[in-house]
Amino acid sequence: MTQKEALSFLKIGANVFLTGEPGSGKTHTINEYVKYLRSHGIEPAITASTGIASTHIGGMTIHAWSGIGIKKFLSENDLDELCQRERLVSRVSKTKVLIIDEISMLDAQTLTAVDMACKALRRREEPFGGMQVVFVGDFFQLPPVNRAGQDVSLFAYLAPIWQETMPIVCYLSEQHRTEDASFLKFLSAIRSGEITEDVHATLQARITTKTEHGNATRLYAHNVNVDRVNIEKLNALTHTGRTFSMSARGGEYSIESLKKSCLSPESLSLKVGAQVMFTKNVFESGYVNGTLGEVESFTASGDPVVRTKKGKRIQVAPQDWTMSDGSRILATISQIPLRLAWAITVHKSQGMTLDEATIDLREAFEYGQGYVALSRVRSFSGLSLLGYNARALEVHPEVASVDSQFKEASLKAENSLDKIVEAEQIKLEHNFIHACGGSVDPSKVKKKKSKSAGGFGVAKVSTYDQTLSLCKDGKNVDEITKLRNVTKGTIIGHLETLFMRGDLGIDVIKKIIPKELVPQIPKISEAFIELKTEILTPVFEKLGSKVPFEDLRLVRLYMMAERVKIGKKE
């Protein structure tokens, strides 16, 4: 199936399982769909099974989005607790389209829990509470993680709710990563489990020694090997190093989650000559996640200058990673979008495209690990091996048996498109846009005239900037609420957004907190810290249900701003 055909199913609101081999364009297709939805005023929930994957797509983990956290099973009490969380209820209730990326790493139990949470929060019994659900991924790649003491995790497609959802299988058949026919044939052989003598001979021909592989990025199965190689290589460089520290803004636990997910380290040490990898897609600057290069110099302001493998010279400025809840930003971290790239784990490489790599699969321990590693490069010319074991070439036997069913289902879906005339397709697309509360005319979404100046489109000061102006004039929250003639909760929402934008610091926040709330700040702060949460309901209950939610939000904002101030001093 082509990307265009897959988009045809997505646009009519069908539940979809978007799959295909590495390089078939799954991420590109989803990005196009998200762009389409936003052009019609519809904001989808963009999630992923892991934090690393979520940073690739600019979203959050499905665990955080749905509120289930680390739980795989939800009791009635758990569901009741979720329904008491105002922001969570609002977020899930408003969502019309839910995208879950890297579905191969999400187990069936967790998917069932997500479904239960969505039904409870939306108060609807349809699968996932009636949202359009888009599963994205390739089950031949890394499977769900089995933690010690837990039952063996089942693939998501084995969950009963998967069958209830009845997703249309869109198996992308185009290849955009490589045009090397022999390499594609080689990868297909591993994918199908047809490990012949020719496959072994091909791999043996790519084996090299540690002294011959040059500066290509090395992929290892374990972190310990990655860290060792990168530290050794950096220390061997004689140039003076520079260290870049990550800055952060937002809720403490949201920040920690984002830091763990980000491919750039919290403290990044670089030297001239360091092999690096870009960790973010910034197309306008000429790099994407996985672009390789070498630090050539540093500017007067301290920014590293990287020359890519293709010879492009790029001055690298800090970039932001965000965790979003729709249009609301929960946390933002800022760092130079680089990491040392003499070595990286196979796990972190999933989703990347590398020009060249030297891969060590001698300690491969998981189904699909070798397939993921080998499929990161574009062709044989970019592939070197330090060695491999038998497990490296194994794909999960269960997935191999079900893959033909996915392909057959996709072919049937593809054939069904021929029966839909263009006028009917457009009508279905418009019906879905209306059902989601969007506008069929994108111009009505992008260009909104101001009500001032007789409607001639004169720009007006945003509601957030009006609140910011009053803050800087020394007005406290209660005074601003009266002057703006809105609820206190609305003003606090403005303050949270202004803080996340970087327009509001601790000095101003101290002044806008009502005097009667100031003596309560230590006690409320202690409750947040003791419970290790940023969720209001547990703190509200711990304090005897006596402190209003608006006051809790103000103290939480105060705590965030204090942490930012401390971080800057350090």
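1. A crossing of two helices is called left-handed if the near helix is turned anticlockwise from the far one by less than a right angle, and right-handed if it is turned clockwise. By that rule, α5 passes α7 in a right-handed crossing. Helices here are DSSP runs of H or I with at least four residues, strands are runs of E with at least two, and both are numbered from the N terminus.

2. The model is predicted: local features need pLDDT of at least 70, side-chain atom pairs count only at pLDDT 80 or more, and totals for chains, interfaces and linings use all residues. Residues are numbered from 1 along each chain as its sequence is written, and side-chain values use heavy atoms, with hydrogens and water left out.

3. Two packed helices are described by the angle between their axes and the distance between the axes. The axes are lines fitted to C-alpha atoms, for helices over the stretch in contact, and angles run from 0 to 180 degrees between N-to-C directions. For helix α5 (residues 76-83) and helix α7 (residues 108-122), the axes come within 9 Å and cross at roughly 50°. The two helices are therefore oblique to each other; angles under 35 degrees count as roughly parallel, over 145 as roughly antiparallel, 65 to 115 as roughly perpendicular and the rest as oblique.

4. Which residues of α5 and α7 make the contact? On α5 they are Leu79, Leu82 and Cys83, and on α7 they are Met116, Ala117, Ala120 and Leu121 (contact means heavy atoms within 4.5 Å). By class, this contact has seven nonpolar, no polar and no charged residues. Ala, Val, Leu, Ile, Met, Phe, Trp, Tyr, Cys and Pro count as nonpolar, Asp, Glu, Lys and Arg as charged, and the others, Gly among them, as polar.

5. Helix α7 also meets helix α6 (residues 86-94): their axes come within 9 Å and cross at roughly 95°. That makes α6 roughly perpendicular to α7. Leu88, Val89, Val92 and Ser93 of α6 make the contact with Cys118, Leu121 and Arg122 of α7. The classes are five nonpolar, one polar and one charged.

6. Helix α1 (residues 3-11) and helix α15 (residues 397-417) have axes that come within 11 Å and cross at roughly 80°. The angle makes α1 roughly perpendicular to α15. Glu5, Ser8 and Phe9 in α1 meet Ala413, Glu414, Ser416 and Leu417 in α15. By class, there are three nonpolar, two polar and two charged residues in this contact.

7. Strands of a sheet pair through backbone hydrogen bonds, either parallel or antiparallel. An open sheet of five strands runs in the order β14-β13-β12-β11-β17, with antiparallel pairing (two strands pair if DSSP finds at least two bridges between them). β14 (313-315) and β17 (338-340) are at the edges with a single partner strand each, so one side of each has no neighbour in the sheet. On average, and ignoring direction, neighbouring strands are turned by 40° against each other. Inside this sheet, β11 (residues 275-278) and β12 (residues 292-298) pair in the antiparallel sense over three bridges. Glutamine 275 has glutamate 294 in β12 as its bridge partner.

8. An open sheet of four strands has the order β18-β7-β19-β20 and parallel pairing. Its edge strands, β18 (343-345) and β20 (383-388), each pair on one side only. Neighbouring strands are turned by 20° against each other on average, direction ignored. Strand β7 (residues 217-220) pairs with β18 in the parallel sense over three bridges, and the bridge partner of tyrosine 220 in β18 is threonine 345.

9. The structure holds 18 aromatic pairs. Rings of Phe, Tyr and Trp (its six-membered ring) pair if their centres lie within 6.5 Å; planes under 30 degrees apart count as stacked, over 60 as edge-to-face and the rest as tilted. The rings of phenylalanine 17 and tryptophan 162 have centres 5.2 Å apart and planes at 70°, so this pair is edge-to-face. The pair links distant parts of the chain, with phenylalanine 17 in strand β1 (residues 16-20) and tryptophan 162 in helix α8 (residues 160-165), 145 residues apart.
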